[in-house]
Structures are given as C-alpha cells and as structure tokens.
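Welcome! Please take a moment to look over the sequence and the fold below, and then we will walk through a few spots together.

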Amino acid sequence: MTENVTTRGNPITTRPALDRTFSVAPMMDWTTRDYRAFARCLTRHTLLYTEMVTTGALLHGSPRERFLGYSECEHPLALQLGGSDPGELAACAEIAQDWGYDEVNLNVGCPSDRVQNNLIGACLMGHPEKVARAVAAMRAAVSIPVTVKCRIGIDDQDEDADLERFVEQVAAAGCETFVIHARKAWLQGLSPKENRDVPPLNYARVHRLKAQHPELHIGINGGIKSLESCQAHLDAGVDSVMIGREAYQNPWLLAAVDQALYQRPGPATSRHAAARAFRPYIVERLAEGARLNHVTRHLLGLFQGCPGGRRFRRHLSEHAHRDGAGIAVYDDALGLVDEERLAEIA
C-alpha cells in the first residue's frame with residue numbers, strides 16, 4: 001500500500017503507507033534532527049517523531065527550517081504539534097504536509113506548567129471536545145494521518161470512564177490512531193520529571209482499550225525498555241509500541257528493531273559501523289555551521305556498557321563543545337573504543 005504526499009511544495013511523490021509497529025517517542029531537546037539522522041544509521045523502519053513544536057512557534061517563528069528542517073533519510077517521520085486552537089492546528093498541519101512529513105501528531109500528554117498555561121498537552125484530556133474539534137479541523141486540511149498521543153488520564157479522572165469518553169469523542173471526529181502513555185499525568189503536585197516515573201503504569205488499561213476498540217489503532221508507551229517487552233505488548237493485542245528515554249540513552253537498542261519487529265535486516269552491523277555511517281552527516285552539519293557537540297551529544301550512549309565507552313563519552317564531553325571542534329575530535333573519540341576487542345565480546 002502507498003500514500004501520495006506533497007514534499008515541500010514539490011510535485012506529489014509516493015511513499016509506502018506507515019507501519020507504526022515501533023516508534024521513538026517525541027522528546028524535547030532529544031529527538032532533534034541530528035538524533036533522528038543518527039537513528040537511521042541503526043534502523044530503517046522505526047517511525048521517528050520530532051520534538052513537540054507549538055503552533056505559535058511554527059506560525060510566527062522564523063525561519064521555519066529551525067523547527068521543521070530534516071534530512072530525507074529520516075522518513076518515516078512525524079511532526080508532533082502542541083496547541084489547541086483548531087484553526088492554528090489546521091494551518092500547521094498543512095505546513096507539515098507541505099514540508100513532506102508523513103504524519104502529524106497532536107500532543108495531549110505533556111504535563112509541564114508552560115504548556116498547561118497555554119492549553120497544550122495533558123491538560124487537554126480534560127477537554128475532549130476541544131481535542132475533537134482540533135482533530136476534525138486538521139483532518140479536513142490534510143491528507144496525511146492525524147494522530148493523538150495522550151495519557152490514560154489526569155489528576156482525579158477515572159482511568160476507565162474518562163479515558164473511554166475521551167477516546168470515543170476524539171475518534172468520532174476522525175482520529176483513528178492513539179498512542180497512549182500508560183500513566184496518568186498529575187498536573188497538581190508533581191513536576192514534569194516526576195510525571196515520567198511516579199504515577200504507576202497501567203498497561204492493562206491500554207490493552208483493554210484496544211480490546212474494546214478493535215477498529216482503532218492503539219499504541220502503547222511508558223516505561224518500556226526492551227524489545228522483548230515490546231513484543232509482549234504486541235502479543236497482548238496493541239497495534240504498536242513506542243519507546244522513549246531508553247531509545248535515546250541506549251541507542252544501540254534500535255539496531256535490533258528491524259530484524260526483531262519487522263523481520264528485515266537492519267543497517268548497522270556493529271556500533272563502530274553505525275558511528276562511521278554517521279560521520280558524513282556530521283561533516284555536512286559542521287559545514288552548515290552546526291557545533292560539533294550539538295550533533296555528537298546524541299551518540300554519548302552508543303557504547304554504553306562497552307570497554308572504552310566511558311573514554312568515548314568523556315572525550316566528546318570535554319572536547320566537542322570547544323570553539324572550532326571538528327571531525328577529528330569525533331574520530332579521536334571513536335578510536336578510544338577498541339573495535340576488535342568489542343567484536344570479540346559480541
């Protein structure tokens with residue numbers, strides 16, 4: 001199956017329909033274009049998400065390349081939007097489609113004070129009618145999929161009745177895909193950091209939601225740290241699995257995704273091979289004016305638990321931020337990890 005899309009105002013192109021079996025969660029300051037490009041050295045089939053971009057930033061910020069820029073290798077790629085005004089979200093969805101994104105996702109899960117004050121993120125779970133209007137407006141504006149990422153509830157909401165009410169109302173507006181972080185967000189009393197760990201996980205609630213709504217695509221997110229756990233959730237009936245922090249802090253996990261979940265060979269034969277495959281991209285970004293540490297910070301966990309991994313991290317941490325730091329710093333860091341020894345261990 002294929003879908004027609006417009007790429008940055010160019011003539012219609014054809015791409016394969018999205019396979020959402022596995023994705024990396026949108027994470028502020030982490031899932032930047034540089035991280036996503038590196039992820040493609042590890043996995044071809046994972047669905048990648050941008051950081052959340054607010055409608056205000058996209059409509060009024062300049063240049064848009066700052067918020068929307070990406071490399072073609074990053075597909076399949078979804079843009080996550082933060083906002084609640086239907087007209088603004090529809091306009092931003094159109095921009096996303098024109099820039100060639102494969103999906104636009106509405107953030108209904110972020111618990112930070114900043115987004116609450118602007119009626120963005122998890123607080124919208126208390127306003128399903130607003131989310132429904134926004135989804136309807138976005139779907140009317142674009143042909144690419146419009147999806148929602150949310151929690152199982154907020155504060156004192158009932159995890160069964162209120163989540164069911166939210167999903168039914170938003171699905172009636174045309175949303176067919178929900179990715180659900182299997183924790184409540186406590187907007188009163190917990191910090192955004194605490195909201196990532198303190199509220200208990202309730203995977204069973206997401207599994208039940210899928211059983212109750214076989215017509216919808218239901219993905220699960222939250223606290224998942226291994227591909228074995230991903231497969232267990234898929235076996236339990238959900239349609240897809242999203243991993244967040246583990247995929248960032250231990251990026252080598254992504255190297256096994258294609259074979260384990262898509263039954264296709266992945267691009268990386270070793271950690272060193274992935275690092276070398278990423279080297280031309282680093283050179284290109286440096287030529288564009290990017291600072292070395294802004295690009296290489298996303299690789300600090302590549303050799304996690306490996307002999308020499310600490311030296312690799314330390315060298316990049318101590319030298320990549322310096323003025324004029326170039327590709328030689330990266331090469332030197334990579335040379336601190338004995339490739340032959342690592343191959344013997346593997």
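## Helix α9 and what follows

In this predicted model, helix α9 is followed by G237, a residue with a positive phi, near 120°. The helix itself spans residues 227–235, and its buried residues are L227, C230, H233 and L234. Because these four residues cover an arc of only 115° around the axis, they lie on the same side of α9.

Turn to the other side of α9 and you will find E228 and D235, which are exposed. As for the buried residues of α9, what covers them includes the strands β3 (22–24), β9 (217–221) and β10 (240–243), along with the helices α8 (203–212) and α11 (257–262).

Helix α8 holds R205. With a relative accessible area of 1%, R205 is buried. Its side chain is joined to that of D160 by a polar contact of 3.1 Å.

Beyond its neighbours within four places in sequence, R205 is in contact with D160 and also with I152, E159, L163, E164 and Q212.

## The nonpolar cores

Which residues touch the most other members of the largest nonpolar core? Of the 99 residues in that core, they are F22, V148, F166, F178, L254 and F278.

Leaving aside neighbours within four places in sequence, F178 is in contact with V148, F166, V167, V170, A171, L216, H217, I218 and G219. There is also a second, separate core of seven residues, among them L18, A25, L47 and M242.

Methods: Residues numbered from 1 in each chain as written. Predicted model: local features only at pLDDT ≥ 70, side-chain atom pairs only at ≥ 80, totals over all residues. Heavy atoms only, no water. Buried < 20%, exposed > 50% of the residue type's maximum accessible area, 1.4 Å probe, protein only. Helix = DSSP H or I, 4+ residues; strand = E, 2+ residues; numbered from the N terminus. Arc of directions from axis to C-beta. Contact = heavy atoms within 4.5 Å. Polar contact = N/O pair within 3.5 Å; in protein donor to acceptor, adjacent residues only side chain to side chain. Core = buried A, V, L, I, M, F, W, Y, C linked by side-chain atoms within 4.5 Å.
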